[in-house]
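Visitor: Please take a close look at one part of the surface. Then work on from there to the sheet and the cross-links.

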Amino acid sequence: MEFRTFLALLIFLWQSFGIYGFNLDTASPEVFDGPPMSEYFGYSVALHSQQNKYWVMVGAPLSNVTGVDGSTLTKYGAVYRCEYPGSQCQAIKIDDRSARTQSASNEVWDIEVKTGQWIGGSVYSTGTNGRALACAPRYVYRNVPNNDGLHYYWLLGKCFLISEDLSATRDERVPCMSEQKGNNYYGYCEAGISAEYTVGYDQDVVMGAVGIARWKGGVWVSPFSVGGGSPTYTVSPQDQINDGDYMGYSVTSGHFSSPSSTELVGGAPRGAELKGKVIIYNYDISNDQQQQISVSSPLPQPKNIPTGTYFGSVLCAVDLDEDEFSDILVGAPYYTHKKDEGRVYIYLNNGQGALNLQDDVLEGDKAYNAHFGAAIAAVGDLNKDGFQDVAVGAPFEGEDGSGAVYIYHGSSRGIETRYRQKIVGSKIKPGIKMFGVSISGGVDVDQNEYPDIAVGAYRSEQAVIVRTRSIVNVEGEIRLSKSQITLESNDSVCDVDGAKHKCLNMTVVFQYTDQVSSTNSQGLDNLRYSVELDKGKESDVLRRMFFWNPTTKKKTFIMSGTYNISAQNQKYSLPTETVYLLDKNEVADVGSRLTFDLSFSLPATGCNGLCPVLNSYLLDNYRGTVAFRKKCKNQLACVPDLAVDGHILYSPSTLDLKEVRIGVVREFTVMLTVTNKVDDSAYYSTITMTLPADLDYIGPTQFIECERDDPYNGTVDVTCNVGNPLLGKVTRKFGIKFAPGSVKENFRIEVIASSQDQDANDKDNEKAFIVPVTFEADLEVKGSTKQDQVVYTGPVKDNIDILESIGPEVVTTLTVRNKGPSTVDGTKVTVNFPSLFKSSDPKSYLLYLVVVELEGASGTCDAKVNPLGLRESNSTDATEDNKQSRRRRDAENMLLGCRTASCSSFSCNLGQLKLGDKVDIKMTFRLWINTLIKELDPPKAVDLETTAKIKVPSIITQPNLNNDQATIITTAKPAQTEAQKKKVAWWVILLSVLGGVLLVGGVVAGLYKLGFFKRKRVKDISGPMEESEPMTQTK
């Protein structure tokens, strides 16, 4: 029964930590209920502030709206502003007018449909004193019937730019309104299914539109401006996506290639054959003459990801490690272990523009049908450690479907993959449903200098503000008047109710600082503390010391109370307490130390406002110890003499390695020898190893106890108990295993041997190991082309306005492969290709670069693609005379490379390539035919030479440099013209014909001589046969 009670207590504590583990306050949430007829209230949320007013914007996309004339506009959708503090919500005036009509052919026609337009399907705010928007992705435009009498429904979608005080709409964005309609074009955009303002100074409007061009989808960008003319729009190209991919289902932006640049990100959850796809786009809309969005690179897809996870349906760009480069979290809410548990993938920026997919993922508690990752939000620095934190929603978690939100903290290494807090919807308010379907953060609504979060729960039509509690750092200390006790001596004796006992004094000391402001003069009240003596003993009978209560005349083993700390950065001592030991004959255990365990906590309620919370990254318990001094050689104290020595073994041992070779050495062992050189025993003998926190600790090779502390300032301590005691003249040998982890340079391991007593000679108590680290990898680059040979022909074209009119397509691919053994991050590939026939003529184009695609790994390329901004043909059945040819190149062909023509170059910075990984850089060019026709008279064959060279980071050693360059040759030959065909002489044709006739005649004559034409004819058996001889009758 005791075990079950203990187990239940453990479960309770674990659950309490998950729900109330850190500083988001779940005891007093602000819950907003949707007003009447506000259907789907909580579908989307966004925290917003203006001056000293704070709101949560709440989308209710199926809400009824009251029109300007007082009528009810059914299911227009609405966005409510719910002010904090308070519990009331008011509808923002966005669209309260009836659908427009237009007269045509003596009839009045509805030219738009607003019922079901889903205003509030997405809402967004840039936060404190920020900009806000809301979208209606199902807005329908109809126009009037066409000449055939057809009255179409065009599902365009639109977004509304809302005033900073959330009072009304300031402008609209309908990017597909002026575009060509139809299934192949922009008739079913659904613009605004996702929408944000871009990061950075400009804060342009970015909208996802999943229905462009047969549901390929795309991303629209429009500069932020209110009034002053029609807004302009730029749409992403259709590169690297296919029909039905739903590009734009989610959008975000960030600083990926540099801290000063801004790139867009679009998610296509049905891309890559339903496995999902995410693409980063470069964009520049600062130049009105040439607004352009181009593909930068796709994110590397997780290996072995199954279909249907909806990878890419949720995106969150956030600088997790505070290096000024944005990282990306990608949700896959339908990822399945059993059913739709959900998962979030982590992409960390390597500081060179490449986003590396991490091996670790976020999965919450892997709850059945949770849809973890259905919402992801950067919520600011909740714990004020200098790193951005993230909230992830699991809206279907729990048997009752109440939902949950998980809090993850950013760190110098990216993101902690174990959540710090779990907020369960049913604990916020009973009956809540789908808590976590939408999340927003980053705004401090209660002005306590900590950002708060808002969470939507549209199934129960509610929205919740969860506030963040301030954090204090409390350090405790137990000061003891003695570090050792000799039971046999007569010193330190105190009187207890007439009896003599060995005793010592204990003082508890506290100090605190505020996590945000170390100069705040406010004190800290109601710090609860307790000190327990001999905590590890199984019963009070086995405890060897006690407190004495003079009032009750009884022994106690726990002292507790509350204390008020007046100010920060000062140490405050509690009144000194006396601790008494049992009589020496009653102390059964003198081998283990006496322990004094201090623990402390803060109340969760009863404060003026939200109660502060202790920093969970710091200890809330401390231990003091006192050892029993042992007699040695008739002395009152032992005098041991410890010495430590050792060496390092690298695995695999067959290679006889002398360093940690990344990619080869999977683990190494620090072999230690600890010797007590004298006769006196060494009690509580330990070794302490100090090593880089980037190393992965595995454990000891022999049966000794070791404990790894938490990292501090980039290092970590591992303490191992060598013996208690380690007898005199005894040696112990053992090893401690480590894995290289993420070390990137040579490192140092320090080992110190110690015991409870002063060492006779401490000069040999320390040992330091300098561990070399090397990286070795063989990277190779190879080139290939889809067309070894292309054909060009005239005449010269006067007007080139589409890509297809330039000339035939030339597709080349560079493949970079890591042959190992080390992982390489930051490889640079430089590509040169002949872009101009001669540098003096900027219009003498040769290879015109249209698209650069990266596949297989992360990376970014700085190529200037399609610099003239030529569009593709709208024809869906366009074909090109561009058949692949593998003919041998003629040595007499004219070579057009960087020495004989003018080259352009670009570089690609690649992300992490592990052993065996490869990345393809696919380049699509157009051969500029006009240049060849003009410059080559008569036309001749030319060899177009593209070259590539790779450069690895300086820390990488390459054993083979011969495969670091590649050359791709594409031959362009002129087509044979009619004039060239007429150059064949008439007599050559005549002789050819006569020769053919003579050859056929000779063959016929030969066959005649051989009797070929005198063969017997086959007898006609089509009529009835006559018997030449009567058939004999058998008996």
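Guide: Start with a nonpolar surface patch: Trp986, Trp987, Val988, Leu990, Leu991 and Leu994 together have about 660 Å² of accessible area. Patch residues have over 30% relative accessible area and no salt bridge; like charges are joined within 9 Å, and nonpolar side chains (Val, Leu, Ile, Met, Phe, Trp, Tyr) within 5 Å. Areas are Shrake-Rupley values with a 1.4 Å probe, and for residues only the protein chains shown count as cover.

The model is predicted: local features need pLDDT of at least 70, side-chain atom pairs count only at pLDDT 80 or more, and totals for chains, interfaces and linings use all residues. Residues are numbered from 1 along each chain as its sequence is written, and side-chain values use heavy atoms, without hydrogens and water.

Trp987 belongs to helix α7, residues 986–1009. Helices (H or I, at least four residues) and strands (E, at least two) are DSSP runs numbered from the N terminus. Trp987 is partly exposed, at 48% relative accessibility. The classes are buried (under 20% relative accessible area), exposed (over 50%) and partly exposed (in between), with a 1.4 Å probe and protein chains only.

Now the sheet. Five strands form an open sheet with mixed pairing, in the order β38-β49-β47-β41-β44. Its edge strands, β38 (484–485) and β44 (558–565), each pair on one side only. Strands pair if DSSP finds at least two bridges between them. β41 (residues 524–533) runs antiparallel to β44, with seven bridges between them. One of these contacts pairs Tyr529 with Gly561 in β44.

Asp597 meets Arg623, with the closest N and O atoms 2.9 Å apart. Asp597 is in strand β47 (residues 594–601) and Arg623 in strand β49 (residues 621–628), 26 residues apart. Asp597 is buried, at 12% relative accessibility. The rule asks for a Lys or Arg side-chain nitrogen within 4 Å of an Asp or Glu carboxyl oxygen. By this rule there are 38 salt bridges.

Another joins Lys422 to Asp365, at 2.8 Å from N to O. Lys422 lies in strand β33 (residues 421–424), and Asp365 in the loop between β28 (355–362) and β29 (375–380), 57 residues apart. Lys422 is buried at 13% relative accessible area, while Asp365 is partly exposed at 29%.

Turn to the disulfides, pairs of cysteine sulfur atoms within 2.5 Å. The structure holds eight. Cys135 is joined to Cys159, S to S 2.1 Å. The torsion about their S-S bond is about 100°, so this link is right-handed. Cys135 lies in strand β12 (residues 132–136) and Cys159 in strand β15 (residues 158–162), so the pair ties together parts 24 residues apart in sequence. Both Cys135 and Cys159 are buried.

Cys706 and Cys720 form another, S to S 2.0 Å. With a torsion of about 110°, the link of Cys706 and Cys720 is right-handed. Cys706 is in strand β55 (residues 705–708) and Cys720 in strand β56 (residues 715–723), 14 residues apart. Cys706 is partly exposed, with a relative accessible area of 23%. Cys720 is buried, with 0%. By contrast, Cys316 is in no disulfide; the nearest cysteine sulfur, that of Cys135, is 18 Å away. Cys316 is buried, at 5% relative accessible area.
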